[in-house]
Amino acid sequence: MSLTVLLVEDDRELRTTLRESLRVEGYVVVAAASLADAHALLANTDVDIVLLDLGLPDGDGETLLTTLRRGRSTPVIVISARETDDPKIRLLDAGADDFLVKPFSLGELLARMRVALRHRGTPLQAAITHYRQGDLRVDLRAHRVRLADEDVHLTPTEFKLLARLVRNAGQVVTHRQLLADVWGAEFTEHTHYLRLYMGQLRTKLEVDPADPQRLLTEPGVGYRLVEGED
Amino acid sequence: MTPTDATPPAPTPSRWPGALVWTLAGLAMGVLYPVLDLANLAMLLVLASALAALWLTPAMCLAACALAVLVFNFAFVPPRFTFSVALHQHALLLSTMLSVSWIVALLMARQRRLAEAERLLAQRARQLQDFGATLRDSDDPRLRASDLQAALASLVGAPVALLLREGTDAGTRLGKAGSDGWEGLGMSLRHSQAMGPGTGRHEDQPDWYLPMRGRQAALGAALLPLTNQPEPTPELRAHAQALCDQMGLALERAHATHAATSAREQAHAHALRNTLLAAISHDYRTPLATILGAASSLHDQADRLSAGQRQRLAATIIDEAGQLGRITDNTLQLARLDTPGLALHLDWESVEELVGTVLRRARQRQPDRAVKARLQAGLPLLRVDAVLLVQLLDNLVDNALKYGGESAPVEIAATLESNQIRLAVRDRGPGIAPAWRERVFDAFQRGDPGDNRAQPADAPARRGAGVGLAVCRTIARAHGGELTLRMRQRGGCSFECTLPVNPAQAGAPEALA
């Protein structure tokens, strides 16, 4: 059974191109040119994933996300025109799964979609407890991190930070989400905590902390742990 | 009563101490009559009169003195309990007493009047000074018009109406006035002349119309009703006029500043438009031509091309589109950073992360080229806009990869100096001719073909730097830093961005547990 993509994009050319490419990849694509269209389609269609362009003629999509999140965990990927886009970060903070900045390649889009679909329904299913990437193994249940078959000692905060990223492996986690989940809601402005602990984590988990291959930075947005291997 | 009092009418001094003085003096004289002789008793009366003059009005003093002398005569001067005067000495005593008391009372009154005038003067000077300060501190003197209105109203004791010029025609009205009133204000404003009693113009009017004069023309006018001022003095008008003129000058200054700002903004917008036009004509056409060429070839000749050729054409389109994307980002960023009053998204950022992001992007773009990072240990966090800093370093790296030769890896180095961080992007390329070393930072300048920076042979590789270094320098400066170019000793360029570090600001978590 093929998966259904709701593509919300007001530019006709981009909409057509993406629809074609996604169909070739085997997705069923329903397209909307405005938030109103998207709302109507959502009410009548079973959608597996939403690609939401910001800067639509009738709003920035926050209401759509709220509607979607009401009882469902349909993944949402935000497509933004600028790297610094306040609505984009707001939507991510509010629970959108990931983002892409225009222009993007089909490869990037498909990779983001694949990760988002894999995380689909995590609130209902068993939480991710294992992560494997190269010679790094993380077992959240056992509180165990191994690198090249050796135990890595992490402080409790470092471990909490890594665990938060592991639960969304492959997806961006915003500064605000990390700070709120690891330190607490009153620390959401203390980005310098994040910088320092990420630095420590990289020193322990990366070959060259200045050239990270696992703990990636999304400037101005948050962090992304590269997708794990199954 | 303090000099800061903005309201000029002094509170009426209480009169009762005067009455008390007289009463006490009367009692004292009654008590002392058996002990003292008449001349000494009379001294008490003179003393009482002088003291009472401190509180009583001149008329009251005169009346009180006269009454006191009569009572004194009646009660103490023999024959007692009659108004007749027995001896010549007593008549002289009584008349001297009366004269001295009166002179004292009049002198006192004059002194008080002078002091009052002095106080009023000081108060008005203070008011002018305060209002002047208020106007200076205010960005828009219009917002202070209500202050002027209140000050003038307290001067004349009646509500005041104001008319302020809006651009070229009379515009804003404050307060209430009849249609005659507004007309009079308009006239006063147009002619920059005061009207009303004492001004020599429209003397019959019951109100003053005072213009708010600037250096060139009036910028407003005030209507001061004189209903509560039976005899308006020239001093009062002069003071009111001075207040109005202060407002006029402030308004004129604000107009001039506004005009200068909008002229500057216009010039700025003009320059920006030229920059953008230059960007489009200069940097966009070549990649667009390449994309169009490759795409039309794929479109028109698809069946005659080999799979390899099709693949190469598609790759060209992707590369050139990416290039176009970079130029667009840079051009837009330059335009955005040029906007006056732009707010950066500042946050605490680690140099390691910024560099890591740039390394990853460079590798994604050109996996076959080496870029290395050399970071000093223990660099403090920087308070910067991460997206902009990444763009800066990414442009420099892209530039170095394009022009810096392929013999040696491009290197990103970060070092901490006393109060700044130096981020350098270095290559081992042919360097840049001295004539071009500053000009590369101007938008749409590139090393010309034929200089030693880039050989005509690799002309296609020189594209796209036009706006790149200009935006890099703009980003550095927006962070209070600088971007400079240094030639390396054994060949190659080092583009060096210095950013200020404020140790007091560098946030560190309390506990690294």
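Trainee: How many salt bridges are there between chain A and chain B?

Mentor: A salt bridge here is a side-chain nitrogen of Lys or Arg within 4 Å of a carboxyl oxygen of Asp or Glu. Between chain A and chain B the count is 4 salt bridges. One pair to look up is Arg195(A) with Glu353(B), whose side chains meet in a salt bridge of 3.1 Å, N to O. Before we go on, some ground rules: this is a predicted model, in which local features need pLDDT of at least 70 and side-chain atom pairs count only at pLDDT 80 or more, while totals for chains, interfaces and linings use all residues. Residues are numbered from 1 along each chain as its sequence is written, chains are lettered from A and ligands numbered from 1 in the order in which they are written, and side-chain values use heavy atoms, with hydrogens and water left out.

Trainee: Which part of chain A gives the most to the side that touches chain B?

Mentor: Helices (H or I, at least four residues) and strands (E, at least two) are DSSP runs, numbered from the N terminus. On the side of chain A that touches chain B, α8 (191–205) and β11 (215–218) each supply at least two residues. The most comes from α8(A), with 10 residues.

Trainee: What is the area buried between chain A and chain B?

Mentor: Buried area is the accessible area (1.4 Å probe) that two parts lose on being put together, summed over both. For chain A and chain B it is about 2,300 Å², and carbon and sulfur atoms give 52% of that. Arg195(A), Ala210(A) and Pro219(A) supply 24% of the area that chain A buries against chain B, more than any other three residues. Counting contact as heavy atoms within 4.5 Å, 25 residues from chain A and 27 residues from chain B take part.

Trainee: Is Ser494(B) buried or exposed?

Mentor: Ser494(B) counts as buried, because its relative accessibility is 0%. Ser494(B) belongs to strand β11 (residues 493–500) of chain B. Its side chain joins that of Glu496(B) in a polar contact of 2.7 Å. By polar contact I mean a pair of N or O atoms within 3.5 Å; within protein, one must be able to donate a hydrogen and the other to accept it, and residues adjacent in sequence count only if both atoms are side-chain atoms.

Trainee: And which residues form the covered face of strand β7 of chain A?

Mentor: In a regular strand the side chains alternate between the two faces of the sheet. In β7 (residues 136–139) of chain A, Leu136(A) and Val138(A) form the covered face, while Arg137(A) and Asp139(A) form the uncovered one.

Trainee: How many bridges join β7(A) and β8(A)?

Mentor: Two strands pair if DSSP finds at least two bridges between them. β7(A) and β8(A) pair in the antiparallel sense over 4 bridges, with Asp139(A) opposite Arg144(A) in β8(A). Their hairpin has 4 residues between the strands, and His143(A) in the turn has a positive phi of about 55°.

Trainee: Where is Asp149(A)?

Mentor: Asp149(A) lies in the loop between β8 (144–147) and β9 (150–151) of chain A. Its phi is positive, about 65°, although Asp149(A) is not a glycine. Asp149(A) counts as exposed, because its relative accessibility is 66%.

Trainee: Which peptide bond is cis?

Mentor: Look at the bond from Lys102(A) to Pro103(A): it is cis, with omega near -5°. Pro103(A) sits in the loop between β5 (98–101) and α5 (106–118) of chain A.

Methods: Buried < 20%, exposed > 50% of the residue type's maximum accessible area, 1.4 Å probe, protein only.
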